[in-house]
Amino acid sequence: MEGGGGIPLETLKEESQSRHVLPANFEVNSLQKSNWGFLLTGLVGGTLVAVYAVATPFVTPALRKVCLPFVPATTKQIENVVKMLRCRRGSLVDIGSGDGRIVIAAAKKGFTAVGYELNPWLVWYSRYRAWREGVHGSAKFYISDLWKVTFSQYSNVVIFGVPQMMLQLEKKLERELEDDARVIACRFPFPHWTPDHVTGEGIDTVWAYDASTFRGREKRPCTSMHFQLPIQA
């Protein structure tokens with residue numbers, strides 16, 4: 001059949017359809033751009049989530065009123081802590097255990113050792129190190145805020161603290177520890193306690209405080225100081 005102008009109807013239909021059909025390469029290019037858009041969005045989103053997941057455990061503690069930063073213990077500090085544990089028995093706790101060096105060293109010396117750390121990445125890494133060192137049975141690590149933990153069940157307490165927290169921690173440990181407990185402070189001493197033993201120099205200095213001693217000194221009345229008043233003539 002032919003149209004009014006002598007052009008076959010089939011030809012007119014083909015021309016009409018061709019006007020509405022997009023080139024095949026145009027559709028492929030559009031599809032590729034769309035896929036790249038989704039891929040780029042996914043990569044950016046995934047990167048942001050990963051950064052948030054990694055950074056949050058490190059940033060959140062810094063926003064606390066009293067921050068306990070992670071500074072790895074030196075080899076000499078670990079040696080000095082172990083020296084203060086000689087002839088000691090019972091369980092041990094490291095407050096703010098970081099990457100687990102103190103806990104693992106204590107476990108190797110036969111202690112049942114526990115570390116409390118607020119940063120989950122450091123806790124997981126500490127557990128891996130304990131497994132690698134073969135002491136995962138006696139070295140345990142927990143994600144916890146030190147102010148929410150009760151330390152009464154521990155005979156030996158190790159703390160790598162900062163000056164801003166030592167007074168508050170001193171009061172907490174005085175309330176909770178048994179008389180046979182020992183507190184070992186690294187880098188910074190406690191403000192009011194008098195150490196029973198001191199070893200090391202500079203940043204490697206370690207102070208040891210026996211609970212029975214600082215409680216005795218605290219409760220000792222002024223009359224225990226032996227002096228005589230002058231006799232009035």
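Reader: Are Phe-151 and Tyr-154 buried or exposed?
Author: This is a predicted model, so take what follows as computed from it. Buried here means under 20% relative accessible area. Phe-151 and Tyr-154 both count as buried.

Reader: How are the rings of Phe-151 and Tyr-154 arranged: stacked, edge-to-face or tilted?
Author: Their ring centres are 6.4 Å apart and their planes meet at 50°. Stacked needs planes under 30 degrees apart and edge-to-face needs over 60.

Reader: Which residues do ring pairs link into a cluster?
Author: The count of aromatic pairs in the protein comes to eleven. Ring pairs tie Phe-151 into a cluster along with other residues. The members are Tyr-116, Tyr-142, Phe-151 and Tyr-154.

Reader: Which backbone nitrogen does the side chain of Glu-176 reach?
Author: Glu-176 sits in helix α6, residues 163-176, and at 16% relative accessibility it counts as buried. Leaving out neighbours within four places in sequence, Glu-176 is in contact with Val-149, Thr-150, Phe-151, Ser-152 and Arg-215. Its side chain also makes a 2.8 Å polar contact with the side chain of Lys-172. The backbone nitrogen that the Glu-176 side chain reaches, at 3.0 Å, belongs to Phe-151.

Reader: How many residues apart along the chain are Glu-176 and Thr-150, and what separates their C-alpha atoms?
Author: Thr-150 is among the contacts of Glu-176. Along the chain the two are 26 residues apart. Their C-alpha atoms are separated by 6.9 Å.

Reader: Which residues does Val-81 touch, not counting residues up to four places away?
Author: Val-81 lies in helix α3, residues 75-84, and is buried with a relative accessible area of 1%. Its C-alpha is 9.7 Å from that of Gly-200, 119 residues away along the chain. The residues Val-81 touches are Ile-102, Val-158, Ile-184, Cys-186 and Val-206.

Reader: Now helix α5: which residue caps its N-terminal end?
Author: Helix α5 covers residues 120-133 and reaches 20 Å from first C-alpha to last, close to the 20 Å expected. Its buried residues are Pro-120, Leu-122, Val-123, Ser-126, Arg-129 and Ala-130. At the N-terminal end, a side-chain oxygen lies 2.9 Å from the backbone nitrogen of Trp-121. The residue that supplies this oxygen and caps α5 is Asn-119.

Reader: And just after α5, which residue takes a positive phi?
Author: The helix runs over residues 120-133. Just after α5 comes a phi of about 80°. The residue is Gly-134.

Reader: Zooming out, what share of the contacts between residues at least 6 apart joins residues at least 24 apart?
Author: The protein has seven helices and seven strands, in the order α-α-α-β-α-β-α-β-β-α-β-β-β-α. Of its 233 residues, 35% count as buried. It exposes about 15,000 Å², with carbon and sulfur atoms supplying 60% of that. As for the contacts between residues at least 6 apart in sequence, the share that joins residues at least 24 apart is 62%.

Conventions. Residues are numbered from 1 along each chain as its sequence is written. This is a predicted model: local features need pLDDT of at least 70, side-chain atom pairs count only at pLDDT 80 or more; totals for chains, interfaces and linings use all residues. Side-chain values use heavy atoms; hydrogens and water are left out. Helices (H or I, at least four residues) and strands (E, at least two) are DSSP runs, numbered from the N terminus. The expected span of a helix is 1.5 Å times one less than its number of residues. Buried means under 20% relative accessible area, exposed over 50%, partly exposed in between (1.4 Å probe, protein chains only). A polar contact is a pair of N or O atoms within 3.5 Å; within protein, one must be able to donate a hydrogen and the other to accept it, and residues adjacent in sequence count only if both atoms are side-chain atoms. Contact means heavy atoms within 4.5 Å. Accessible areas come from the Shrake-Rupley method with a 1.4 Å probe; for residues, only the protein chains shown count as cover. Rings of Phe, Tyr and Trp (its six-membered ring) pair if their centres lie within 6.5 Å; planes under 30 degrees apart count as stacked, over 60 as edge-to-face and the rest as tilted.
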